[in-house]
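Please look over the sequence and the model below before reading on.

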Amino acid sequence: MPATVDAEQIDRIVWNQHHDPFEILGPHMVQQAGRTVWAVRAYLPQADKAWVVLPQEHKEVEMEPNHHPHFFECVLEVQDLANYQLKYAIAEHIHVIYDPYAFKTRAITDFDIHLFSEGNHHRIYEKLGAHYTEVEGVTGVYFAVWAPNARNVSVLGDFNYWDGRKHQMRRLSNGIWDLFIPGLDIGAHYKYEIKNYDGHIYEKSDPYGFQQETRPKTASIVTDLDSYAWQDADWMEKRRQTEPLTQPVSIYELHLGSWLHESSATPALRPDGTPEPVVTVAELKPGARFLTYRELADRLIPYIKELGFTHIELLPVAEHPFDGSWGYQVTGYYAVTSRYGTPDDFMYFVDQCHANDIGVIVDWVPGHFPKDGHGLAFFDGTHLYEHADPRKGEHKEWGTLVFNYGRNEVRNFLVANAIFWFEKYHIDGIRVDAVASMLYLNYFRKDGEWVANEYGGCEHIEAADFLRQVNHVLFTYFPGVLSIAEESTAWPMVSWPTYVGGLGFNLKWNMGWMHDMLDYFNMDPWFRQFHQNNVTFSIWYAFTENFMLALSHDEVVHGKSNMLGKMPGDEWQKFANLRCLYTYMFMHPGKKTLFMSMEFGQWSEWNVWGDLEWHLLQHQPHANLKYFMGKLNEFYRSEPALFTQDFDQAGFEWIDCSDNRHSVVAFIRRDKDSDGFVVVVCNFTPQPHSHYRVGVPEPGYYRELFNSDARDFGGSNMGNLGGKWSEDWAFHNRPFSLDLTLPPLGVIVLKLAQDEAQKALADQ
């Protein structure tokens, strides 16, 4: 006779209402007629018959229904039930599985849960999520998910026909649910079925899932992120030993999906030579598809090397459902988007970048997330990841939700996510999106639509604490990386260390410089004489933060025109203005970021659905601008005075900033590790100036190292015939001066030739 179990308990299993199915299902030692025996119970929906298979004893024992036609039970008088199997029949089909409820071992420990509850488990992604593993000699997948307000949680998948009754999870402390499903392999598709106490059911992708199906599908995919054989050990060690703020940083920002597409007539191939599934882009010409990460490695990396950028910055590559969001509405924070391939493919892309001395920065979006039903929103039937109060928990303008940074587990989710991208994908930096929206409770909110902090202010204290935590942890684990804030307000010490009260970033976008310069270059050059302050004002605050000068994607969308279209004048003047702007940008203190298409002068705004206008490169002005960009990067990287003291007043010195009548400025950039310096002179008008005198600190021959007006760049080739000797004529409060020719809409850079300087001193 089968051992009895309470009918109410069976009903709770059948109706998927039990918080710990291990209490009922699986093997249990029971007393029967004075003897200790094993009772094995299984709930097998749709099964007509069931047996327990004992491989060691080479026998099968039939199970009997108990209270419900699909709840089976049998009694076994055996010493050991290790690795028994369940055999069951559905109509004429026979299935044999290991019993999930025979594996009670937990991969997540009480200490893991304790750290997670504190918000300090920096690698919680190794415990939560889906992990291919071996338990008691049997391989399978261990699932764990945080859903503290759920009544029940099940694993759904292609392996159980998406039936939430078949793999019910057990509840551990702090609302974590887990289950080991034996026999599952890498590649299995799954979701979580979550029921709240009102009986509502939510099917959710795994917040810690490492891969998702390609949109519009939304299931998570079991993935092994440790199988890729990295080849970048030298790069990683060099990065660890290097202070990036004293190095040249010139970033090419791009969106992988619209840099270039391919016709689907040319199929993408996997490493084994089999074709990848075609991911088409409906808004493009019929049949167009995305390039894969591996194809991008083959095409993008040589292009970046030719242009001389030190880094690429990728608009978000975490999984997102809508192409038109540019990646900024993330649903899979731990999943690299499947649009362009697999996690291994993205690892290959990063590995190849490192092999070619190119760093990889990824846009990271911890400020908000979308309301898509399969994502984090209302995850366990409650406002779990977001604030319940919409005055704190919703960005109405963006249609997104705001993370609850005051909740330890939510903060842990994000801190660990930042660590995850560096550890698993070897990225070299993050650019944190929309930091201002995180720091202010009243960001884009009207009066009465936001809640003040405990001191009555608008500062989001919990968000600031979160940013300090993530940056502190990040630089502890990964010295030499970059953490860049897109922050546009006067919040103090954004790029200062956390130990002095800063937010801990090591770079901050200089939005003020960007707005001032675009306003300046947008106006007719005649009017620039009245707006000299646009050029000079940035130096007043240039050393209060570690600034990144960025001309980003935001400046070439939404009716703002592309960079070339912002410039005044005829076509020649437009290109000259652009060369002048870029050169001034690269000579100005701060690291640099330029968005794709700006390097060759695209006319149209960026369109996420299309390619860049590569056909323009057949025209000489555009080809010249691209060539100029490569030479500008080459010069920038070769001259230490332009990057070793970007964030120290000692690295910059005005020669003259007051000649507004001619719209000319001149300044010095100094090297930190030597006496080397360069003299930069900018003429922001189309009027060339001959015999323009500029004071210099030392005598000698000043070579003209760079001239944005060079013929090879498409300029008028006006300059100083390779350089000028200084004259013993005090000017601009300097003991010596140069008699220069300033090209129209041009920037020239000169440097004292040391051999000639020594000769000049000897002659004095």
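Helices (H or I, at least four residues) and strands (E, at least two) are DSSP runs, numbered from the N terminus, and two strands pair if DSSP finds at least two bridges between them. This is a predicted model, in which local features need pLDDT of at least 70 and side-chain atom pairs count only at pLDDT 80 or more, while totals for chains, interfaces and linings use all residues. Residues are numbered from 1 along each chain as its sequence is written, and side-chain values use heavy atoms, with hydrogens and water left out.

Six strands form an open sheet in the order β31-β32-β33-β38-β35-β36, with antiparallel pairing. Because β31 (652–659) and β36 (723–725) stand at the edges with a single partner strand each, one side of each is left without a neighbour in the sheet. From one strand to the next the twist averages 20°. Within this sheet, β35 (residues 701–707) runs antiparallel to β38 (residues 746–752) and is joined to β38 by five bridges, and Asn707 stands opposite Ile748 in β38.

Angles here run from 0 to 180 degrees between N-to-C directions, and axes are lines fitted to C-alpha atoms, for helices over the stretch in contact, where contact means heavy atoms within 4.5 Å. Helix α12 (residues 532–541) lies across β31 and β32 (664–670), at about 160° to β31, whereas α15 lies across β35 and β38, at about 140° to β35.

Helix α15 (residues 620–638) also meets helix α5 (residues 293–307), their axes coming within 7 Å and crossing at roughly 70°. That makes α5 roughly perpendicular to α15, a word used for angles of 65 to 115 degrees, with those under 35 counted as roughly parallel, those over 145 as roughly antiparallel and the rest as oblique. Tyr303, Glu306 and Leu307 of α5 make the contact with Lys626, Met629, Gly630 and Asn633 of α15.
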